[in-house]
Amino acid sequence: MNIPQLNAEQVQDLKNMCSPIDAFSQVVPVEALDGENYVHFMDRVRDTEQLVILGLIVEITDKCSEMLANIYAMTNRLFRVFQITEVGRKMFEGPDRTI
């Protein structure tokens, strides 16, 4: 059995969401459009999915459909939106609380 571990980027994403802006958007990778960045974008997608599986963030893309439709019209790119959960927020509560 593997014990889930968070990498530095995942921890930083969670810390950033403990601010008044408690969500982030992530581009949906498309190999033909992303070229050499595709592998990096897919790594970030895997990191995000792990945070969802652990219950630290939740996908809220459906709640942002109008805004995302506008962004798609301007960029021709799809995005997903994620928000920190109460469990994720509690990991960083308190003056000196860190992982």
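The exercises below concern contacts and salt bridges in a predicted model.

**Exercise 1.** Where does Thr61 lie, is Thr61 buried or exposed, and which residues does Thr61 touch, not counting residues up to four places away in sequence?

*Solution.* Start with the position: Thr61 sits in the loop that runs between strand E2 (57–59) and helix H4 (65–75). Next, take the accessibility. The relative value for Thr61 is 15%, so the residue counts as buried, the cut-off being under 20%. Then list the contacts: with residues up to four places away left out, Thr61 touches Leu68, Phe79, Arg80 and Val81. For Val81, the backbone nitrogen lies 2.8 Å from a polar atom of the Thr61 side chain.

**Exercise 2.** Which parts does the salt bridge between Arg77 and Asp34 tie together, and are Arg77 and Asp34 buried or exposed?

*Solution.* The closest N and O atoms of Arg77 and Asp34 are 2.9 Å apart. Arg77 belongs to the loop between H4 and strand E3 (79–84) and Asp34 to helix H2 (residues 31–34), so the pair links parts 43 residues apart in sequence. Arg77 is buried at 16% relative accessible area, and Asp34 is buried at 7%.

**Exercise 3.** Which elements hold Glu49 and Arg80, and which residues do salt bridges with shared partners join into one network?

*Solution.* Glu49 and Arg80 form a salt bridge with a closest N and O separation of 2.8 Å. Helix H3 (residues 38–53) holds Glu49 and strand E3 holds Arg80, so parts 31 residues apart in sequence are tied together. Glu49 is partly exposed, at 28%. The network made by shared partners consists of Glu9, Asp13, Arg44 and Asp47.

How values were computed: Residues numbered from 1 in each chain as written. Predicted model: local features only at pLDDT ≥ 70, side-chain atom pairs only at ≥ 80, totals over all residues. Heavy atoms only, no water. Helix = DSSP H or I, 4+ residues; strand = E, 2+ residues; numbered from the N terminus. Buried < 20%, exposed > 50% of the residue type's maximum accessible area, 1.4 Å probe, protein only. Polar contact = N/O pair within 3.5 Å; in protein donor to acceptor, adjacent residues only side chain to side chain. Contact = heavy atoms within 4.5 Å. Salt bridge = Lys/Arg side-chain N within 4 Å of Asp/Glu carboxyl O.
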